[in-house]
Each structure stands twice: as C-alpha cells, then as structure tokens.
Amino acid sequence: MSELGQKIKDVIDNEPVALFMKGTPQFIMCGNSDRALRALREAGAPVTAVNILADPAIRQELQEVSGWPTIPQVFVKGELVGGADITQELAESGELATLLEQRLGADYRASAEERVVDVLAPAQR
Amino acid sequence: MAVDRLESLLKDAFPDAEELSVEDRTGGGDHFQVTLAAPSLNGLSLLDQHRRVNAALAAPLSDGTIHELRIKTRGTT
C-alpha cells in the first residue's frame, strides 16, 4: 500500500468518527457531504474530516481501502457506516446515536469536537 | 439515455424488484436517485443493500456517467 493509502487507513482505524468529504466542515463543497456532516452533528458525533478534493489521489486510494465508490464516506471505529444516504437514514431513525454509543461509549458526545486531518502532510516524527 | 442504462443494469441485477425507479434529479443526466425494493435485499443491512446497488452500477460509477448517486433501498418483508 502507498504511503497515502496507509495514512488514509490510519485515519479510518484510529479516529472515532472519520468523514471523507468534499471540502471541509467550514467550507463544504458538496450537498451530499453537507448531508452526512449534518447527520453526524445532529447525533453529536466527534467528527474528524478529510477533504478528498485536496488531491485526486485521495479519492482513488480511499476507494481501494473502503471498496465504496462515492463520496462522502463515514467510518466509526474503523468500520464503514455508509455514504450520505445511509448516514442520514440512520440519523433520522435514531440508529446513528445508538451505533455511536455502542462503539464509542455512552458519553461520546462529551468529546464532540470537529477537526480536519491533512493526509497529504509529511509524516510526523 | 443514462436513466435507461441505469434502469436496465438494475433490472438485470435485481430481477425480483417490486419497486425500481431511476430519477434524473437535475435533468442534467448525471445526478440520479435510485429507489429499489426487492426480496433479494431482505435481511441485508442498509450498508450491504447499498453495496449491491453500487456493484450493479459499477460501470457507470467508474466511467463518469454518474456524478452523484442517491440510493433508497428496502427489502420487502
């Protein structure tokens, strides 16, 4: 796997909630990324966002890692939850909060801050 | 028409579909809403149901035909 692929995998595996989106939470570039982010915010999720528009290679590598063809993609504790439609459906039915509680612990809302990770940045030593 | 191509791919993948529609959301021929209900989706998680749709549409997803895809699926039980 490429270095970029490994970094993407690290984000998926290590972040409680990873959102691969077009743009950033501060500057959303796509309606579907917006829907997924809103659903996660409503559920109080601690979102770590990756802007896939920063480099076309990110999307390619992500698709190889996840096997999912479209953006956005939401992962909780390393597992794919789905794209915008699934995330929104789960949020509306209340299942998203249940899933977050099960995987992150009942007090997951306490750490609900958003951050952005740059997978193109050189590895930190 | 892209809608016809998508519909035919989905019909082939889900011959048992009780409800199947492909809507061109913007009229531009590249933003689509797929709605599908089929017995073969029974018992599958939402994630796996969407995976089945994505697999059926792998070609138009990778050749740029589909710029945006919205999926609404359900089993029939």
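This is a predicted model: local features need pLDDT of at least 70, side-chain atom pairs count only at pLDDT 80 or more; totals for chains, interfaces and linings use all residues.
Q: Let's begin with sheets. What holds the strands of a sheet together?
A: Strands pair through backbone hydrogen bonds, in either a parallel or an antiparallel sense. In chain A you can trace an open sheet of 5 strands, in the order 6-5-1-4-7, and its pairing is mixed.

Q: Which strands are the edge strands there?
A: Look for strands that pair on one side only: in chain A these are strand 6 and strand 7 (115-116).

Q: In which sense do strand 1 and strand 4 of chain A pair?
A: Strand 1 (residues 17-21) and strand 4 (residues 47-51) of chain A pair in the parallel sense, over 5 bridges.

Q: Now to helices. At what angle do helix 2 and helix 4 of chain A cross?
A: The axes of helix 2 (residues 31-42) and helix 4 of chain A cross at roughly 30 degrees and come within 8 Å. Angles under 35 degrees count as roughly parallel, and therefore helix 2 of chain A and helix 4 of chain A are roughly parallel to each other. The crossing of these two helices of chain A is left-handed.

Q: Which residues make that contact?
A: Helix 2 of chain A brings A:Asn32, A:Arg35, A:Ala36, A:Ala39, A:Leu40 and A:Glu42, while helix 4 of chain A brings A:Ala84, A:Thr87, A:Gln88 and A:Ala91. By class, the contact of helix 2 with helix 4 of chain A has 5 nonpolar, 3 polar and 2 charged residues.

Q: How do helix 1 and helix 3 of chain A pack?
A: Helix 1 (residues 3-14) and helix 3 (residues 56-66) of chain A pack at an angle of about 65 degrees, and their axes are 9 Å apart. Their crossing is right-handed. On the helix 1 side of chain A you will find A:Leu4, A:Gly5, A:Ile8, A:Lys9 and A:Ile12. They meet A:Ala57, A:Ile58, A:Glu61, A:Leu62, A:Glu64 and A:Val65 of helix 3 of chain A. This contact between helix 1 and helix 3 of chain A has 7 nonpolar, 1 polar and 3 charged residues.

Q: Over to chain B. In what order do its elements run?
A: From the N terminus, the elements of chain B run α-β-β-α-α-β, giving 3 helices and 3 strands. The radius of gyration of chain B is 12 Å, close to the 11 Å from the globule rule for 77 residues, so chain B is as compact as a globular protein of that length.

Q: And how are the strands of chain B arranged?
A: The 3 strands form an open sheet in the order 1-2-3, with mixed pairing. Strand 1 (19-24) and strand 3 (68-74) of chain B each have a single partner strand, so one side of each is left without a neighbour in the sheet. Strand 2 (residues 31-37) and strand 3 of chain B pair in the parallel sense over 7 bridges; B:Phe32 has B:Leu69 as its bridge partner in strand 3 of chain B. Helix 2 (residues 46-56) of chain B lies across strand 2 and strand 3, running at about 130 degrees to strand 3 of chain B.

Q: Finally, how many residues does each chain give to the contact?
A: Chain A gives 8 residues and chain B gives 10 residues. On the side of chain A, strand 6 (79-82) and helix 4 (84-93) each give two or more residues, and helix 4 of chain A has the largest share, 3 residues.

Definitions and conventions:
Residues are numbered from 1 along each chain as its sequence is written. Chains are lettered from A and ligands numbered from 1 in the order in which they are written. Two residues are in contact if their C-beta atoms, placed from the backbone, lie within 7 Å. Helices (H or I, at least four residues) and strands (E, at least two) are DSSP runs, numbered from the N terminus. Axes are lines fitted to C-alpha atoms, for helices over the stretch in contact, and angles run from 0 to 180 degrees between N-to-C directions. Angles under 35 degrees count as roughly parallel, over 145 as roughly antiparallel, 65 to 115 as roughly perpendicular and the rest as oblique. A crossing is left-handed if the near helix is turned anticlockwise from the far one by less than a right angle, and right-handed if clockwise. Ala, Val, Leu, Ile, Met, Phe, Trp, Tyr, Cys and Pro count as nonpolar, Asp, Glu, Lys and Arg as charged, and the others, Gly among them, as polar. Two strands pair if DSSP finds at least two bridges between them. The radius of gyration is taken over C-alpha atoms; the globule rule is 2.2 Å times the number of residues to the power 0.38.
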